[in-house]
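The exercises below are meant to be worked through with the sequence and the structure in view. Try each task before reading the solution that follows.

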Amino acid sequence: MRDGRWSDLTTRVLSAAVLVVIGSIEVWLGGWWFETFIAAACGLMTWELVRMIDPQARGVAVQLGILTSVTVVLSYHLPPIYTLPVILAAALVGVGQISR
């Protein structure tokens, strides 16, 4: 029965439990700890998305993951008027890289 749709359920539940613990600690710590955690999580999600869309694009996945992390950090520290253009610019770079 381990070959069915639910064969990876244990791995998923364990990884979710670890992420809940780490996320809770980061929320409790707040400040730059939380900011770094969110930036890293967004970068990793972008990396994973690019790898799912184009598994051969390893270099692009890393570059877009780093770009996403930097964009998230910048969005915390820039004046609000510049936040949306910076996020949109990063998104457009990502779309341009993936659509090649």
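This is a predicted model: local features need pLDDT of at least 70, side-chain atom pairs count only at pLDDT 80 or more; totals for chains, interfaces and linings use all residues.

**Exercise 1.** Find the helix in which Val-27 lies, and decide whether Val-27 is buried or exposed.

Solution. Start with the helices, which here are DSSP runs of H or I of at least four residues, just as strands are runs of E of at least two, numbered from the N terminus. Val-27 has its place in helix H1, which covers residues 9-29. Next take the accessibility, where buried means under 20% relative accessible area, exposed over 50%, and partly exposed in between, with a 1.4 Å probe and protein chains only. Since the relative accessible area of Val-27 is 55%, Val-27 is exposed.

Residues are numbered from 1 along each chain as its sequence is written, and side-chain values use heavy atoms, with hydrogens and water left out.

**Exercise 2.** Work out what span helix H3 should have, and which of its residues are buried.

Solution. The expected span of a helix is 1.5 Å times one less than its number of residues. The buried residues of H3 are Ala-61, Leu-64, Gly-65, Thr-68, Ser-69, Thr-71 and Val-72. Looking down the axis of H3, these buried residues fall within an arc of 160°, so they line one face of the helix; the arc is that of the directions from the helix axis to the C-beta atoms. On the other side of H3, the residues Gln-63, Ile-66 and His-77 are exposed. Finally, the buried residues of H3 pack against helix H2 (31-53) and helix H4 (80-98), where contact means heavy atoms within 4.5 Å.

**Exercise 3.** Take Thr-71 of helix H3 and find which residues it is in contact with, leaving aside its neighbours within four places in sequence.

Solution. Thr-71 counts as buried because its relative accessibility is 8%. With those sequence neighbours set aside, the contacts of Thr-71 are Val-86, Ile-87 and Ala-90.

**Exercise 4.** Repeat the span and burial analysis for helix H4.

Solution. The 19 residues of H4 should span 27 Å at 1.5 Å a residue, and the end C-alpha atoms are 28 Å apart, which agrees. In H4, the residues Thr-83, Ala-90 and Gly-94 are buried. Seen down the axis of H4, they fall within an arc of 45°, so they line one face of the helix. The face turned away from this buried side carries the exposed residues Ile-81, Leu-84, Leu-92 and Val-95, whereas what covers the buried residues of H4 includes H3. Val-93, also found in H4, is partly exposed, with a relative accessible area of 41%, and is in contact with Leu-64 and Leu-67 once neighbours within four places in sequence are left aside.

**Exercise 5.** Describe helix H2 through its span and its buried residues.

Solution. The 23 residues of H2 should span 33 Å at 1.5 Å a residue, and its end C-alpha atoms are 33 Å apart, which agrees. Its buried residues are Glu-35, Ala-39, Gly-43 and Val-50, and what covers them includes H3 and H4. Ile-38, found in H2, counts as partly exposed at 23% relative accessibility. Apart from neighbours within four places in sequence, Ile-38 is in contact with Val-72 and Tyr-76.

**Exercise 6.** Determine which residues lie nearest the centre of the largest pocket.

Solution. A pocket is defined on a 1 Å grid over the protein atoms alone, as an open set of points where a 1.4 Å probe fits, with protein on both sides within 12 Å along at least five of seven lines, and lining residues have an atom within 4 Å of a point. The largest pocket is lined by 15 residues, of which Thr-46, Leu-64, Thr-68, Ala-90 and Ala-91 lie nearest its centre. Each of H2, H3 and H4 supplies at least two residues of this lining.
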